[in-house]
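Visitor: I would like a quick tour of this model. Let us go through it by question and answer.

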Amino acid sequence: LDRVRAGEFQAAIWSSAVSRDAEFFGRGSPLGYANPRVIELLDATTLNPDLAARDRAYRELATIFRRDVPATFLYPKVDAHAVHRRVRGLESPYRGEPFWFLPELWLDPTEPR
């Protein structure tokens, strides 16, 4: 892990998740990837409370990553979660990991139990 973070590798197998995108594609990227617009967008995904704005930032990041190809991913990370229909706050596909967003989730009192 220390060698990966320091950029001391030719190839690495690493599990990437949204929460680590800023670490690997943002400021001081160990990949050597430096794109100022990506840094702005990554900041927008973590600092902006507006879910629609975060969604737009991730969509633009996807477009840039398809163009720049800063890394080659061997397989997609797929997780499945089941939550009750009363749970709100996971509407964006980028907020699909309930445990990362627990402080931002709530129960809709109008939904039946």
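Visitor: Which residue does the side chain of Glu-111 meet in a salt bridge?
Guide: This is a predicted model. The criterion is a side-chain nitrogen of Lys or Arg within 4 Å of a carboxyl oxygen of Asp or Glu. The N to O distance here is 3.3 Å, and the partner of Glu-111 is Arg-85.

Visitor: How many residues apart in sequence are the parts that Glu-111 and Arg-85 tie together?
Guide: Glu-111 sits in the segment after β2 (106-107). Arg-85 sits in the loop between α4 and β1, so the pair ties together parts whose separation in sequence is 26 residues.

Visitor: Is Arg-88 buried or exposed?
Guide: The side chain of Arg-88 meets that of Asp-108 in a salt bridge, at 3.2 Å from N to O. That pair links distant parts of the chain: Arg-88 is in strand β1, and Asp-108 is in the segment after β2. Salt bridges with shared partners join Arg-85, Arg-88, Asp-108 and Glu-111 into one network. Asp-108 is buried, and Arg-88 is also buried.

Visitor: In which helix do Glu-40 and Arg-37 lie?
Guide: Their side chains form a salt bridge, 2.7 Å from N to O. Glu-40 is partly exposed at 45% relative accessible area, and Arg-37 is partly exposed at 34%. The two are three residues apart, about one turn of their helix, α3.

Visitor: Which residue has a side chain in polar contact with that of Asn-35 at 3.1 Å?
Guide: Asn-35 lies in the loop between α2 (21-25) and α3 (36-47). Buried means under 20% relative accessible area, so Asn-35 counts as buried at 12%. The partner at 3.1 Å is Asp-68.

Visitor: Which residue caps the N-terminal end of α4?
Guide: α4 has 18 residues and reaches 25 Å from its first C-alpha to its last, close to the expected 26 Å. Its buried residues include Tyr-58, Leu-61 and Ile-64. At the N-terminal end, a side-chain oxygen lies 3.1 Å from the backbone nitrogen of Ala-52, and the capping residue is Asp-50.

Visitor: What accessible area do Ile-13, Leu-74 and Tyr-75 have together?
Guide: Tyr-75 is in the loop between α4 (51-68) and β1 (87-88). Exposed means over 50% relative accessible area, so Tyr-75 counts as exposed at 58%. With Ile-13 and Leu-74, Tyr-75 forms a nonpolar surface patch, and their area together is about 430 Å².

Note on methods. Residues numbered from 1 in each chain as written. Predicted model: local features only at pLDDT ≥ 70, side-chain atom pairs only at ≥ 80, totals over all residues. Heavy atoms only, no water. Patch = residues over 30% accessible without salt bridge, like charges linked within 9 Å, V, L, I, M, F, W, Y side chains within 5 Å. Areas by Shrake-Rupley, 256 points an atom, 1.4 Å probe, with all protein chains shown as cover. Helix = DSSP H or I, 4+ residues; strand = E, 2+ residues; numbered from the N terminus. Buried < 20%, exposed > 50% of the residue type's maximum accessible area, 1.4 Å probe, protein only. Expected span 1.5 Å × (residues − 1). Polar contact = N/O pair within 3.5 Å; in protein donor to acceptor, adjacent residues only side chain to side chain.
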